[in-house]
Amino acid sequence: MIRAAGVGPHLAEAKAPGDYVTAVDRASEEVVVRILRASFPDLPVLSEEAGGRSSPTGWVVDPLDGTTNFSRGFPMVGVSVALLVDGSPAVGAVHAPFLGWTYTARRGRGAFDGEGRRLSVVDSEPEKAVVSTGFPFKEQGRLPRLLRALQRVLETCEDARRPGAASLDLALVASGVFSGFFELGLKVWDIAAGALLVTEAGGVVSDWEGGDSHLGTGDIVAAGPRVHAALLAACAFGSGPD
């Protein structure tokens with residue numbers, strides 16, 4: 001399905017090693033940003049490719065999360081849009097166009113799938129948890145810490161996955177597919193909408209120290225309460241010199 005669009009590794013422009021952009025990223029961004037600016041002209045928009053003004057209150061957009069997946073025909077690709085109000089996500093949506101999945105949340109109103117079913121995290125026992133992660137390819141110096149944490153996660157939990165699109169990882173935590181998610185060095189547009197999905201689905205979202213700096217640092221742990229505690233312990237195990 002993705003190949004039919006004529007996109008392959010050779011048609012993806014490398015911004016940095018392992019970090020790609022395609023014409024589809026830019027086209028998606030143009031449409032989303034145009035709609036947001038037309039509908040909410042007083043709110044700034046910060047998006048991955050075009051940039052924009054960062055503000056405590058405004059939109060953050062990832063027009064194509066998982067560009068490497070997209071460029072290789074792997075359908076784990078998401079579009080993520082979130083509204084920040086006073087620095088916290090108030091509205092969020094994540095859409096997986098090639099899978100037909102849509103997830104939305106509004107602060108204090110719950111999280112839902114595209115059929116209107118309410119989402120709920122699965123707070124399994126850690127030894128029964130299947131969690132997801134991603135590798136900080138933009139910050140290779142932080143990879144040792146992630147790998148040390150991953151080692152402890154694999155010793156503690158049932159298993160781990162690495163789909164390659166953080167917005168969808170978080171949506172799948174909110175919908176109970178994964179029991180948790182942890183990663184280092186993400187951007188606010190990667191995680192703002194997904195973090196709201198998880199909290200509105202009854203989960204806990206924090207940075208790797210258990211604080212609330214995840215939107216700023218991009219270091220995130222998201223899960224139901226019991227699995228979140230286990231992942232924090234694994235992240236603490238991973239701390240130390242890289």
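Here's a quick briefing on one helix pair and some of the salt bridges in this structure. Keep in mind that the model is predicted. The helix pair is α4 and α5, whose axes sit 8 Å apart. As for salt bridges, the structure has eight, and a few are picked out below.

**Helix packing**
- Helix α4 covers residues 166–174, helix α5 covers residues 188–200, and the two pack at about 0°.
- Angles under 35 degrees count as roughly parallel, so α4 runs roughly parallel to α5.
- On the α4 side, the contact involves Ala 166, Ser 167, Leu 170, Ala 171, Val 173 and Ala 174.
- These meet Asp 190, Ile 191, Gly 194, Ala 195, Leu 197 and Val 198 from α5.
- Sorted by class, the α4–α5 contact has nine nonpolar residues, two polar and one charged.

- Arg 145 pairs with Glu 209, with 3.1 Å between the closest N and O atoms.
- The partners are 64 residues apart: Arg 145 belongs to helix α3 (residues 143–156), while Glu 209 is in the loop between β13 (204–206) and α6 (214–217).
- Arg 145 is buried at 12% relative accessible area, whereas Glu 209 is exposed at 60%.

**Other salt bridges**
- Glu 139 and Arg 142 form a salt bridge, their closest N and O atoms 3.6 Å apart.
- Glu 139 is partly exposed, at 29% relative accessible area.
- A salt-bridge network ties together Glu 139, Arg 142 and Asp 219.
- Asp 159 and Arg 161 meet through their side chains in a salt bridge at 3.0 Å, N to O.
- Asp 159 is partly exposed at 30%, and Arg 161 is partly exposed at 40%.

Technical notes
Residues are numbered from 1 along each chain as its sequence is written. This is a predicted model: local features need pLDDT of at least 70, side-chain atom pairs count only at pLDDT 80 or more; totals for chains, interfaces and linings use all residues. Side-chain values use heavy atoms; hydrogens and water are left out. Axes are lines fitted to C-alpha atoms, for helices over the stretch in contact, and angles run from 0 to 180 degrees between N-to-C directions. Helices (H or I, at least four residues) and strands (E, at least two) are DSSP runs, numbered from the N terminus. Angles under 35 degrees count as roughly parallel, over 145 as roughly antiparallel, 65 to 115 as roughly perpendicular and the rest as oblique. Contact means heavy atoms within 4.5 Å. Ala, Val, Leu, Ile, Met, Phe, Trp, Tyr, Cys and Pro count as nonpolar, Asp, Glu, Lys and Arg as charged, and the others, Gly among them, as polar. A salt bridge is a side-chain nitrogen of Lys or Arg within 4 Å of a carboxyl oxygen of Asp or Glu. Buried means under 20% relative accessible area, exposed over 50%, partly exposed in between (1.4 Å probe, protein chains only).
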